[in-house]
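Welcome! Take a moment to look over the sequence and the model, and then we will walk through the spaces in it together.

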Amino acid sequence: MTKASCRTDYLNRRLSLTDSERSRLDDLILIRFQQWQWPDHLTTVMSYWPLREKAEPNTFLITDFMEFRIPLLRLAYPLIDLQHPHMEAILVDEDTSYKKNKYGIAEPVDGSRLDPEEIDLVILPLLAFDKKGYRLGYGKGYYDRYLTHCREDCYKLGISYFEPMDQLPGLDPYDLPLNGCITPDAFYEF
Ligand code: ADP
Ligand code: MG
């Protein structure tokens with residue numbers, strides 16, 4: 001299996017879930033997250049806007065819970081520059097407006113850019129992950145590049161409807177492992 005065929009496989013598995021199955025899995029993932037003792041002094045989080053067309057897990061359940069538990073939480077979303085290609089984290093609040101980019105992902109149109117070193121937790125989109133915490137993204141490498149600018153102790157969290165693979169195919173030297181990944185069945189820490 002190649003990275004490419006693995007991406008197709010896992011995307012198809014996700015797309016074949018019904019709305020009510022996904023909603024049940026989202027709830028199970030939220031329960032796992034609620035039981036997690038997250039790192040101390042966590043205030044700055046970068047999440048992502050889940051794409052319905054790709055049946056991505058509902059990240060809002062998780063960030064809503066964090067906002068409830070951490071009153072001073074600062075939340076950021078990615079803004080990508082397709083030309084370079086490059087990604088930034090933009091701080092958002094209830095007044096932020098969003099605009100869809102080329103991939104249909106809602107991005108903040110205003111808001112200040114966050115220094116990557118300020119981020120305590122990144123919630124990363126993924127298609128699959130393995131038992132060592134390696135992550136398979138959509139193949140553009142935005143996060144692999146971005147995370148090289150984050151602090152060493154920035155917690156990299158994945159969310160997956162499916163259990164880990166034994167080993168991802170075709171790992172590259174720039175692929176960075178996750179620190180944790182939540183599935184409906186377990187919270188894996190690496
Ligand atoms: P994804 O992580 O989205 O699944 P890949 O790991 O296959 O995708 O990476 C996609 C591309 O991104 C790679 O072919 C590589 O050229 C580029 N890339 C990834 N990480 C880096 C990095 N740290 N520096 C420069 N280019 C990178
Ligand atoms: Mg990668």
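Which pocket is the space taken by ligand 1? That space is the largest pocket. Keep in mind as you look around that this is a predicted model.

**Around the ligand**

Let us begin with the ligand's surroundings. Ligand 1 is surrounded by 14 residues, and Arg 7, Gly 137, Gly 139, Asp 144 and Asp 175 are the closest. By class, this shell consists of seven charged, four polar and three nonpolar residues.

Some of the contacts can be followed atom by atom, and the table lists three of them.

| Residue | Part of the residue | Distance to an oxygen atom of ligand 1 |
|---|---|---|
| Gly 139 | polar backbone atom | 2.8 Å |
| Gly 141 | backbone N or O atom | 3.2 Å |
| Asp 175 | polar side-chain atom | 2.8 Å |

On its own, ligand 1 has 560 Å² of accessible area, and the protein covers 68% of it. Helix H1 (3-15), strand E9 (135-136) and helix H4 (142-147) are the elements that each give two or more residues to the shell.

**The largest pocket**

Now for the pocket itself. The largest pocket has a volume of about 630 Å³. It is lined by 32 residues, and Arg 135, Tyr 138, Lys 140, Tyr 142 and Tyr 143 are the closest to its centre. H4 gives the most to this lining, with five residues. At least two residues each come from H1, strand E2 (74-81), strand E5 (106-108), E9 and H4. The lining of the largest pocket counts 18 nonpolar, ten charged and four polar residues.

**The second largest pocket**

There is another pocket to visit. The second largest pocket has a volume of about 270 Å³. Of the 14 residues that line it, Glu 67, Leu 75, Val 92, Asp 93 and Glu 94 lie nearest its centre. H3 gives the most here, with four residues, while H3, E2 and strand E3 (86-92) each supply at least two. This lining has eight nonpolar, five charged and one polar residues.

**A cavity**

How many cavities of 30 Å³ or more does the structure hold? There is one, and the largest cavity contains about 30 Å³ of space. Its lining is made up of Asp 26, Ile 29, Leu 30, Pro 57, Asn 58, Leu 61, Ile 62 and Ile 159. Helix H2 (19-34) and helix H3 (59-69) are the elements that give two or more residues to this lining, and H2 has the largest share, with three residues. By class, six residues in the lining of the largest cavity are nonpolar, one is polar and one is charged.

How values were computed
Residues are numbered from 1 along each chain as its sequence is written. Chains are lettered from A and ligands numbered from 1 in the order in which they are written. This is a predicted model: local features need pLDDT of at least 70, side-chain atom pairs count only at pLDDT 80 or more; totals for chains, interfaces and linings use all residues. Side-chain values use heavy atoms; hydrogens and water are left out. A residue is near a molecule or strand if one of its heavy atoms lies within 4 Å of it. A polar contact is a pair of N or O atoms within 3.5 Å; within protein, one must be able to donate a hydrogen and the other to accept it, and residues adjacent in sequence count only if both atoms are side-chain atoms. Accessible areas come from the Shrake-Rupley method with a 1.4 Å probe; for residues, only the protein chains shown count as cover. On a 1 Å grid over the protein atoms alone, a cavity is a set of points where a 1.4 Å probe fits but cannot get out, and a pocket is an open set with protein on both sides within 12 Å along at least five of seven lines; lining residues have an atom within 4 Å of a point. A molecule sits in a cavity or pocket if more than half of its atoms lie within 2 Å of its grid points. Ala, Val, Leu, Ile, Met, Phe, Trp, Tyr, Cys and Pro count as nonpolar, Asp, Glu, Lys and Arg as charged, and the others, Gly among them, as polar. Grid points are joined across faces, edges and corners, and a volume is the space filled by probe spheres set on the points.
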